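Hello,

Here is the structure we talked about handing over. Please open it next to this email; the notes follow below.

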Amino acid sequence: MGIFDIRPVQYTGGKMIILDQTRLPKEEIYEEMQTREDVWDAIYKLKVRGAPAIGVAAAYGLCLAVRDCPEEDMECFEMRLKEDAEYLATARPTAVNLSWALKRLVRHFEELRPKTVQQAKKELLLEARRIQEEDESACLAMGQYGLSLLRPGMGILTHCNAGALATSRYGTCLAPIYLGQEQGYDFRVFADETRPLLQGARLTAWELQKSGVDVTLICDNMAASVMAKGWIDAVVVGCDRMAANGDGANKIGTFGAAVLAKEHGIPFYMYVPTSTIDLNTPTGSNIQIELRSGEEISRMWYREPMAPKGIKTYNPAFDVTPARYITAVITEKGIVKPPYEENLPKLFAKKK
């Protein structure tokens, strides 16, 4: 089974199935979601993660939540739909795709105004499938646009996981690496381990190795040294929410990698589906940053606690890279260059 055969979220035969990414790389375990609480828990505990995949999971999760609503009561169905959407939206705060997908389904229901509950359920599931299909197409397009910025034999640094596991297929910033692999580009990829959740070590290294890509795992604090050796020609990262001015939130440590890239004269590319661009958020300072348990850095990955008992911890899941450090934003609609506050809105004009 290749990496493109692995789907982090599926809805088939009336069942919603997710790949539990907390068990990787040791085990590939798939779980069936039975209730809205299961879906909320899966998103919160990072069993499913990555902004696009979270959006897909939220959409299917909402369909699952209203699946057993009584067929005869449309008013009750609409109330449940909106309540369940609000509930699922609380699972994680930073990735905009979560609320975006839920709002899209609710809006679709309101615009369509189906005559029966049965028809409403069918239409919502079709819309959720469209979200997944659009994400797959968007990732392929980002891969093609991104590959145009890269040359065969390049050394590439990436941070966190923005590959096939984080999306419906291909990935965002890893998509050009996979397309390049198919075309004999022979990239050399360096993957930061990416604290605090080690998604670079557990997920990016796993899927790149599984796909036959030349990948080397390094600790986050080794990036400067690797750049100084001349081994890195480009940095590629994903994004969980991009503000209207081009500031981009991604896994903690992305900001540091961007600063280091600028110091070494290395282009820094952020891959951002238009569903992840939030024009209602003026700047990165307005993005809510998720804080997670300090145990993830003090003891979670060790046989015994690594840090002193009772030590204070600070464990943000994301940081915000200011737009001035981002060489280009790669979307499914094309490559966007600064000034982002002028050029990002043009993407949505094109969509309309």
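**What turned up in the model**

Strand β12, residues 318-321, is covered on both faces. F318 and V320 are buried on one side, and D319 and T321 are buried on the other. Please keep in mind that this is a predicted model.

The partner of β12 is strand β9, residues 248-251. The two run antiparallel and are joined by four bridges.

**The open sheet**

Next, the sheet with seven strands. Its order is β6-β5-β4-β7-β10-β13-β14. The sheet is open, and its pairing is mixed. β6 (214-218) and β14 (334-336) are the edge strands. Each has a single partner strand, so one side of each has no neighbour in the sheet. On average, neighbouring strands are turned by 25° against each other, direction ignored.

Strand β10, residues 268-271, deserves a look of its own. F268 and M270 point one way, Y269 and Y271 point the other way, and all are buried. β10 pairs with strand β7 (residues 234-237) in the parallel sense, over three bridges. It also pairs with strand β13 (residues 328-331) in the parallel sense, again over three bridges. M270 takes part on both sides. V237 has M270 as its bridge partner, and M270 stands opposite V329 in β13.

Is N161 buried or exposed? N161 has a relative accessible area of 4%, under the 20% cut-off, so it counts as buried. The N161 side chain makes a polar contact of 3.1 Å with the side chain of E207.

C160 has a positive phi of about 70°, though it is not a glycine. Most residues other than glycine have a negative phi. C160 is buried too, at 7% relative accessibility.

The loop between β5 (188-192) and α7 (199-210) holds P196. L198 lies in the loop between β5 and α7 as well. The peptide bond from R195 to P196 is cis, with omega near 0°. L198 is not a glycine, yet its phi is positive, at about 55°. L198 counts as buried, at 10% relative accessibility.

There is another cis peptide bond to check, between L24 and P25. Its omega is about 5°. P25 sits in the loop between β2 (15-19) and β3 (30-33). Most peptide bonds are trans.

**Largest pocket**

Last, the largest pocket. Its volume is about 800 Å³. The lining has 27 residues. Which of them lie nearest the centre? They are W100, T274, S275, I277 and F348.

Several elements give two or more residues to the lining: α2 (51-65), α4 (96-112), α5 (117-147), β11 (277-278) and α11 (340-351). Of these, α4 gives the most, with seven residues. By class, the lining has ten nonpolar, seven polar and ten charged residues.

Best wishes

Note on methods: Residues are numbered from 1 along each chain as its sequence is written. This is a predicted model: local features need pLDDT of at least 70, side-chain atom pairs count only at pLDDT 80 or more; totals for chains, interfaces and linings use all residues. Side-chain values use heavy atoms; hydrogens and water are left out. On a 1 Å grid over the protein atoms alone, a cavity is a set of points where a 1.4 Å probe fits but cannot get out, and a pocket is an open set with protein on both sides within 12 Å along at least five of seven lines; lining residues have an atom within 4 Å of a point. Grid points are joined across faces, edges and corners, and a volume is the space filled by probe spheres set on the points. Ala, Val, Leu, Ile, Met, Phe, Trp, Tyr, Cys and Pro count as nonpolar, Asp, Glu, Lys and Arg as charged, and the others, Gly among them, as polar. Buried means under 20% relative accessible area, exposed over 50%, partly exposed in between (1.4 Å probe, protein chains only). Two strands pair if DSSP finds at least two bridges between them. Axes are lines fitted to C-alpha atoms, for helices over the stretch in contact, and angles run from 0 to 180 degrees between N-to-C directions. A polar contact is a pair of N or O atoms within 3.5 Å; within protein, one must be able to donate a hydrogen and the other to accept it, and residues adjacent in sequence count only if both atoms are side-chain atoms.
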